[in-house]
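Have the viewer open as you read.

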Amino acid sequence: MPKLNENYLKLKDNYLFAEIAHRTAAYLQQHPDQTLIRLGIGDVTRPLCKCAVDALHESADEMADAKTFKGYGPEQGYAKTREAISAYYKRNGVEVDAADIFISDGAKSDTGNFTDLFAHDNVILIPDPVYPVYVDSNLMCGNTVTYISGNAENDFLPMPDETVHADIIYLCSPNNPTGACYNRQQLKVWVDYALKENAVILFDSAYEAFISDPELPRSIYAIEGAKRCAVEFCSLSKTAGFTGTRCGYTVVPRELIFDTSDGRKLSLHDMWNRRQSTKYNGTSYLVQNAAAAIFSEEGIRECQENLEYYKNNARVIAETLTELKIPFFGGVHSPYIWFQCPGGMDSWTCFDYLLNQIQVVGTPGAGFGENGNHYFRLTSFGTYEATVEAMRRFKQLFHVQ
């Protein structure tokens, strides 16, 4: 009989969004005539931009011709795509070498897989509340997690405790689920702390494209010293609507070199390259060409039109919550709105209440950690019409109380 990885026993029975889907399906089975509005999962509704679609068609035609057919590609990604991403960083005022960029099928996969590079006795700091994948991927391999508290008092932007040592630090900005965004000074504190502790920051910037204030950093590499302590993960799922197309990238600077237990040096860049070469055959040629296209000037403009659509939805939600005097965070530089559950409800009670009373599906904050127990997340990724209707139902429900 095989010995199993019993660390899986430490996980909740259901992944957060699987539980939401289960409860929603049960409700629909009992109420088949009801029309649900889904503002829970962070999935997009706008179609791919024209640049990406044209690139997909062109690439499909290439694959149909023996002269231009492509088989296995480089595990790190095609040079064209890596260089396009490097140019995108430069356009935003940050220098990132194309050779430090690895193309993948998404930031979720990479943040989970990056645990392969570390031993299991590190001090791992993860904010609470947080995207569940950070926690679950560490629990799966037997790691112990230390939580740092995000709350209303610190605007859900926890800062380091200089008296506490850390080896690995997870940060997400703009944050999922709270929508909070670190400013330059706050990130500098984190970078300085990581350098002092000889720690590595795993920085998730999946929502950087929602930042509209030029004073707010869209990459941790906008901070001096970050290339010596930080890995950055990014996704095209929200930037370009690639949730179903699947493409992301991870930046692992060659400056990230740490000592081994016997005094030798190991490069995280080289380790990640070795890991990907062994366990990953590369993102498809078609998808990478589509990704390269969205980083062109025309592609960025087209993607921005979709992002403005979602930002407008966020404004609709934020204005409604303001009118109802329901405290909330996010909704400005993020597609997420993180609101305090009315009437002292816990978040799963709020989930069931909204589902049963007004047929609106959101995400209970408890699924993101203990500090989310009395908060609830809505996304702006629905259609405009559905968002407006959901907020009409909110007004009808909470004005009555």
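Which strands does helix H3 lie across, and at about what angle does it run to E2? Helix H3 (residues 79–91) lies across E2, strand E7 (230–235) and E8, at about 120 degrees to E2. Contact here means heavy atoms within 4.5 Å. Axes are lines fitted to C-alpha atoms (for helices, over the stretch in contact), with angles from 0 to 180 degrees between N-to-C directions. Helices (H or I, at least four residues) and strands (E, at least two) are DSSP runs, numbered from the N terminus.

Before going on, some housekeeping: this is a predicted model, where local features need pLDDT of at least 70 and side-chain atom pairs count only at pLDDT 80 or more, while totals for chains, interfaces and linings use all residues. Residues are numbered from 1 along each chain as its sequence is written, and side-chain values use heavy atoms, with hydrogens and water left out.

Now the sheet itself. It's an open one of 7 strands, ordered E2-E8-E7-E6-E5-E3-E4, with mixed pairing; two strands pair if DSSP finds at least two bridges between them. Strand E2 (101–104) and strand E4 (145–149) sit at the edges with a single partner strand each, so one side of each has no neighbour in the sheet. From one strand to the next, the twist averages 25 degrees. E2 runs antiparallel to strand E8 (residues 248–251), joined by 4 bridges, and Ile101 stands opposite Val251 in E8.

Helix H8 (residues 268–279) also lies across E2, along with strand E6 (200–204), E7 and E8, and runs at about 25 degrees to E2.

Back to H3, which has a helix partner too. Its axis and that of helix H9 (residues 285–294) come within 9 Å and cross at roughly 25 degrees, which makes the two roughly parallel (angles under 35 degrees count as such). Lys80, Thr81 and Ala84 in H3 meet Gln288, Asn289, Ala291 and Ala292 in H9.

What about disulfides, meaning cysteine sulfur pairs within 2.5 Å? A search of the whole structure finds 0. Two cysteines show why:

Technical notes: A disulfide is a pair of cysteine sulfur atoms within 2.5 Å. Angles under 35 degrees count as roughly parallel, over 145 as roughly antiparallel, 65 to 115 as roughly perpendicular and the rest as oblique.
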